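The following briefing concerns a single predicted model. Please view the sequence and the structure before reading on.

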Amino acid sequence: MIDFTFIDLFAGIGGIRLGFESIGGCCVFSSEWNDWSKKTYQANFGVEESFTGDIVPFPAEDVPDHDVLLAGFPCQPFSIAGVSKKNALGLPHGFECATQGTLFFDVARILATKRPKAFLLENVKNLVSHNNGQTFKIIKNTHNRARFIQNMS
């Protein structure tokens, strides 16, 4: 029996999915960019639902309707170890990391378009304190702005 539907963004090998399936959820869409993670995910779960690699160019309107959005967006631009490594290499971190740091905004784009009943964003402890708290403030403000726009429509 299906109690609710969910999507699994930045799915990795499916750890978050396991928990939500165990309580009656049915995954209707998944995305994972890393080829090895994607192969493992598909071996673990098959390919019953829609699956895409890179979520950035994927139109939010094409994401199936769902009750819950799950997103384990990349932590490397925000984690203590990731920030230290990027600083040592002279590379940008946080939202300045164009390949990983901006993926939260794709989550926000899908949330604003699909308007699920709930969402779960998984990341790292340092997300709250990264850039003296400015990163988390941007995440909260982006979510609040999208929620305000939804309430107006």
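Leaving aside its neighbours within four places in sequence, with which residues is I7 in contact? Under that exclusion, I7 is in contact (heavy atoms within 4.5 Å) with V28, F29, V63, P64, H66, V68, L69, L70 and I110. The model is predicted, so local features need pLDDT of at least 70 and side-chain atom pairs count only at pLDDT 80 or more, while totals for chains, interfaces and linings use all residues. Residues are numbered from 1 along each chain as its sequence is written, and side-chain values use heavy atoms, with hydrogens and water left out.

**Sheet and helices**
- Five strands, in the order β3-β2-β1-β4-β5, make up an open sheet with parallel pairing; strands are DSSP E runs of at least two residues and helices are H or I runs of at least four, numbered from the N terminus, and two strands pair if DSSP finds at least two bridges between them.
- β3 (50-52) and β5 (118-121) are the edge strands, each pairing on one side only.
- β1 and β2 (residues 25-31) run parallel and are joined by five bridges, with F6 opposite C27 in β2.
- Helix α1 (residues 15-22) packs on the sheet and touches β1, β2, β4 and β5; its direction makes about 175° with that of β1 (axes are lines fitted to C-alpha atoms, for helices over the stretch in contact, and angles run from 0 to 180 degrees between N-to-C directions).
- Helix α2 (residues 35-45) also packs on the sheet, where it touches β1, β2 and β3.

**Aromatic rings**
- There are six aromatic pairs (Phe, Tyr and Trp rings, with the six-membered ring of Trp, whose centres lie within 6.5 Å; planes under 30 degrees apart are stacked, over 60 edge-to-face and the rest tilted).
- F4 and F20 form an edge-to-face pair, 6.3 Å centre to centre with 85° between the planes.
- F4 counts as buried at 15% relative accessibility (under 20% relative accessible area is buried, over 50% exposed, in between partly exposed; 1.4 Å probe, protein chains only).
- F29 and F58 form a tilted pair, 5.2 Å centre to centre with 45° between the planes.
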